[in-house]
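Subject: Structure for your review

Dear colleague,

Please find below the sequence and the structure that I am handing over to you. My account of what was found follows directly after them.

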Amino acid sequence: MTACRSIRRRRWAALGTALLALLLTAPPAAAAAYVPISGAGSTWSFNALDAWRRNVVQYGLDVSYKGVGSTTGRNEFKDGTVDFAASDIPYGVQDGNNYDPPPARGFAYMPDTAGGTTFMYNLNIGGQRVTNLRLSGAVIAGIFTGVITRWNDPAIARDNPGLTMPAIQIIPVVRSDGSGATAQFTQWMLATQPSYWNGYCAKVGRSPCTQTSAYPVLANSAMVAQAGDLGVSGYVSQQQAVGAIGYVEYSYAIETGFPVAKMLNPAGYYTEPTAGHVAVSLLKAQINMDASNPNTYLTQNLSQVYVNPDPRSYPLSSYSYMILPTTSANGLGPDKGNTLGDFGKYLLCQGQNQVDALGYSALPINLVQAGFDQLRRIPGATIPNINIATCNNPTFSANGTNTLATTDPYPAACDHIGATQCTTGTGGARNQPTAGKPGTTGGAGGNGSGGSSRTGAGGSAAGANGSAAASSSAAAYCDPDTGCAASGSGAGAAAALASAVPLASANSLGDGLQVALMVVAALLLVAIVLTPPLISQLITRRRARRGDVR
């Protein structure tokens, strides 16, 4: 009888386990209502969008996304050939004599991720790979405007006291397609290194000399143009491309295993765009919070980011955006709107937990909250009221401050401008230190792990490249999470936000189902343990009554 009971229990346990596995792997009930949706645009944010796109397949969502550059993405959305776009800059940015007008169809901007535009490079000294290169803003501008052409230029040598720079040609690698990264980079040069950019405009015959999405290649130079961040990173990472340097989102350097140049900030420290450094930098971003103008709502002004005096800041930090439809034009039915809304819910919550490992920085709570408001404007999207704090975003905190920014460590002393230089690698080569000249290296540190553990605001200092931190208007209110709200002002705005309760916004895709499954799983586990003995006892009693006990 004992053996029979044991067999019965194992059978019941196997059946319960099978039912549990079935329930845990079943797709959401709404999956049958999903239809395929398509998007196109930014390659800067492609690695994040592509990861999210692949992750939501488990929920029944079919999302395709083409990394064709921000300009092409905006145009395809305008033409109605895609359901959503991704761009690092908004519509309407003046580009020389060209103007990019907003589309006729209704649209809204939704921040999807934050990150840093970095300078990935391929350099050897004496057969050893260099992984700890440092560059000032003036040197970066000089390289990409044809003024600095050799790696042993004295200006580069001053940035790198621990390295004996090789006398080889610099190969600047720029974007050949319409790129938000190019627009961000050239806007930074125009704002902080105007003599270099204005001089370059004169060389290439560009007038008026504005920022541009299409980088003008200097004739008869070593400059190379490649399509997309993938094209730039692919060229730089070639074995035969020693001497090359190109601008890409930080994620691409990590993906290819290549280093990035630490960039000199206004406080006199050379930094790279770790998740924490980007979060610190973007505290100074001016976010347009005027919801009455949907063509500019949530767009960014980065002028104060460029001159952020915090020692942890990375000057070329920025946000990227999804461009969402707000009308049913161009075949956007409620089924597509529902799919796009659920994809947006996923990336604003669960998706933000993944971006650090990819090379991005998670969005702060105020932009996540604003993102949910934008999703509600999509026809057919279902955005129920759920406490946004349940997103479990790594930037969220109990008191509303940005956790990534407040806990971000300060740079190591050897990352400060001067006679020492950290040996630690950067980007995708952070575990590959570079030996330097005796007496000039400062040891490890500087990639976010070797600095001081102090938190809070850093002291301001004039930048070593000659640009002092500009102070913002006394009337401007700086949000502690997203930066200075361009439409807010003074103590009134501060008091209003301080007393505000976060809007009840939708949680991420699948959370309700996961909770239900956890309850069902718990009940099944109880049933697996208790049911077989009860049934066995019942059968034994019945047999005993019949005199059939064995």
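In what follows, two strands are said to pair if DSSP finds at least two bridges between them. The model is a predicted one.

Strand β10 and its neighbours

Strand β10 (residues 171-175) is mostly covered, with five of its five residues buried. β10 pairs with strand β11 (residues 224-226) in the parallel sense over three bridges, and Val-173 stands opposite Val-224 of β11. Strand β12 (residues 244-249) is likewise paired with β10, in the parallel sense and over three bridges. There, Gly-246 is the bridge partner of Val-173.

Strand β13 (residues 262-264) runs antiparallel to β14, and two bridges join them. Leu-264 has Tyr-270 in β14 as its bridge partner.

Helix α12

Disulfides

The count comes to three disulfides.

- Cys-201 and Cys-209 are joined with an S to S distance of 2.0 Å. This link is right-handed, with 70 degrees about the S-S bond. Cys-201 counts as buried because its relative accessibility is 2%, whereas Cys-209, at a relative accessible area of 21%, is partly exposed; the cut-off for buried is under 20%.
- Cys-349 and Cys-391 are joined with an S to S distance of 1.8 Å. Cys-349 lies in the loop between α12 and α13 (355-358), and Cys-391 in the loop between α14 (365-375) and α15 (403-406), so this pair ties together parts that are 42 residues apart in sequence. Cys-349 is buried at 0% relative accessibility, and Cys-391 is buried with a relative accessible area of 4%.
- Cys-414 and Cys-422 are joined with an S to S distance of 1.9 Å. The torsion about their S-S bond is about 90 degrees, so this disulfide is right-handed. Both Cys-414 and Cys-422 are buried.

With kind regards

Technical notes:
Residues are numbered from 1 along each chain as its sequence is written. This is a predicted model: local features need pLDDT of at least 70, side-chain atom pairs count only at pLDDT 80 or more; totals for chains, interfaces and linings use all residues. Side-chain values use heavy atoms; hydrogens and water are left out. Buried means under 20% relative accessible area, exposed over 50%, partly exposed in between (1.4 Å probe, protein chains only). Helices (H or I, at least four residues) and strands (E, at least two) are DSSP runs, numbered from the N terminus. A disulfide is a pair of cysteine sulfur atoms within 2.5 Å.
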